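This report walks through a structure step by step, from a pair of strands to the whole chain and then to its partner. Please keep the sequence and the structure in view while reading.

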Amino acid sequence: MKQLVRGRGASGIAAVLLSSVGCLAAAAGRAAPPVLQSETAGITPFQGLTPHDLVYSAMDALAPPGIRILDGDKAKLIGTVYSSQYAGFAWAPDHKTLYVSETYWTLGNRGKREDVLSIYGGPTLSNEGEITLPGRLISDPKTHAFALSADGHYGYDYSFQPAPSVSVIDLKQRKLLTSVEIPGCGLVFPFGERGFASLCADGALAVADVDAGGRYVVRRAGRFFDVMNDPVMDESVADTREGLALFITYNGWVHPVHLADRPRFEKPWSIQQAAGLSPATSQVGAINWRPGGQVFAAYQPATARLFVLMHEGHPWSNEQAGTQIWVLDTRGHKLLHRWDVPESASLVAVTQDAHPLLFALSESWLWVLDGDSGAVLRAMQIVPPGLVQVRGE
Amino acid sequence: MKRLGVDNWGERLTRRLAGRLSRRSALARLGALLVAAPAFPLLPVQRARAADAGNGTDFSREAQAHDDTACNYWRYCGIDGNLCSCCGGSVHSCPPGSQPSPTSWIGSCINPADQRSYLIAYRDCCGASICNKCSCLGTDHAMPIYRPQANNHVIWCIGANTFEYHCSMAVLVGLAE
């Protein structure tokens, strides 16, 4: 055995020597490698959001603020835009212009307060200026605190000063148009050319739209849910283009509302019943599958599919992270799939293309799933997320 | 909970004012504030939802009354944030370097020591950077943000000199029964 090893060692040395001689001969016949060229510092161009990009903000105070853009196909960070804490954001329909609703103080934690809508765009996603706002809501991130009209002409920013109002911004002229008071109501769900709806503290919907004179008129459209026992969640989903909102309650009732001057309220249906289970109740000790998390639901209008983070929990556990994503057909009120989430997730988003990616986010991880099969395709570490958005189609 | 009469009265008044006055008028703004006023717990006793102390809540079943640095301390049934008790302050005082918010959100929690329901005013301490200790989330009857008086996502430093969030405390207001 030892002789055999020794023999192999001798032949190996010979092979290396021969190889070295060969390499020297080759090098002698080849030119020296070129000197590396000097470089000019620049900025990687931004081509606009692609259908599989995910954009997310950081959870305030837990991570450096900023709006981060990820490539969902590669699970890779491709850019970051500066923002204050407690910022909201939205992309224009051109997929290249980013609006950030944010607040600064001249001395950091004090001084003069400035509420602004910052605009980013161009080939390098650079700052293009600000529009001064009369106030803002400062809270944990809320998707529906800032939204655009479907055509991107108008922006609506919910303000809580503490009297509630909505700042209407003309984004083409880049100026504040007006401030619309919405007593007892909050958040914005745009519809039509210039309208928006808000949820109210008594379980009603407020609708605001311009009259013939171009002035906003606000009216209550009636109560449609029991705010004390089963309120509609802030992060319910809406399709601005179609003017359809799916208001989802703590117990998992979906209230489809066609937003308009005269909104049309469809009969509510239960997520649990769609899965063949009993509806969840608010009764103490009642453990049921329930919707929950931060941005707990995502909607794909083209297929009418609703993706909801679900957990097993007691009443009022609506902020608990989901261990499963339920995929529901909102037309037939049927459960299509129940997919396990690696660990658990608090935010979900789905791309709007024909081969969708489904994003599930925890405090430190992003999982990219196949939107049709639920298979986990890739994962990456992230900072604690606040809000998520994908490119609208 | 049944709506208070003043809510309805204020809403009716605002609608009338809105119909007769220009949107920019000072009176219309006053009307809006009248309606919005119940959202700000100057008199929180009226605004809290009294939990059914007899049945308890899912939070109260696990609550304790001896350690105010733990998330299941009974007063924290509706808190969201870092406990001031872990940051140099107490359950009702801000740590040095920060200041209490003049406004608060409201919850009602059951004290396991006497099984009574008490009103709690949750106040943020503002001005220092986040304490980042003892992060707790109590969601017992916590309301969405469009019902702000019982919402724990709003940064309640409204009215303070600064909006920098540091920690949250749970100040006992009185009996909710």
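## Strands and their bridges

Two strands are said to pair if DSSP finds at least two bridges between them. In this predicted model, strand β28 of chain A, which covers residues 365-370, is joined to β29(A) by five bridges, and the two strands run antiparallel. One of the residues involved is Trp365(A), whose bridge partner in β29(A) is Gln381(A).

## The sheet around them

These strands belong to an open sheet of four strands in chain A, arranged in the order β26-β27-β28-β29 with antiparallel pairing. Because β26 (347-350) and β29 (376-381) of chain A stand at the edges and have a single partner strand each, one side of each is left without a neighbour in the sheet. From one strand to the next, the twist averages 15°. As a general point, strands of a sheet pair through backbone hydrogen bonds, and they may do so in a parallel or an antiparallel manner.

## Chain A as a whole

Chain A contains two helices and 30 strands. Its C-alpha trace spans about 95 × 50 × 40 Å along the principal axes, and its radius of gyration is 27 Å, whereas a compact globule of 393 residues would have one near 21 Å.

Of the 393 residues in chain A, 46% are buried. If one considers the contacts in chain A with a separation of 6 or more, 44% of them are between residues 24 or more positions apart.

## The nonpolar core

The largest nonpolar core has 147 residues, and those with the most contacts inside it are Ala297(A), Phe307(A), Val308(A), Val348(A) and Phe359(A). The largest share of this core, seven residues, comes from strand β4 of chain B, which covers residues 116-126.

Which residues does Val308(A) touch, not counting residues up to four places away in sequence? With that exclusion, Val308(A) touches Ile271(A), Pro291(A), Phe296(A), Ala297(A), Ile325(A), Trp326(A) and Leu328(A).

## Where the two chains meet

Between the two chains, 39 residues of chain B are in contact with 38 residues of chain A. On the side of chain B that touches chain A, the elements that give two or more residues are α1 (5-20) and α2 (26-36) of chain B, and the largest share, four residues, comes from α2(B). Sorted by class, this side of chain B has 20 nonpolar, 11 polar and eight charged residues.

Terms used:
Residues numbered from 1 in each chain as written. Chains lettered and ligands numbered in written order. Predicted model: local features only at pLDDT ≥ 70, side-chain atom pairs only at ≥ 80, totals over all residues. Contact = placed C-beta atoms within 7 Å. Nonpolar A, V, L, I, M, F, W, Y, C, P; charged D, E, K, R; others polar. Axes fitted to C-alpha atoms, helices over the stretch in contact; angles between N-to-C directions. Rg over C-alpha atoms; globule rule 2.2 N^0.38 Å. Buried ≥ 20, exposed ≤ 12 C-beta atoms within 10 Å, placed from the backbone. Core = buried A, V, L, I, M, F, W, Y, C linked by C-beta atoms within 7 Å.
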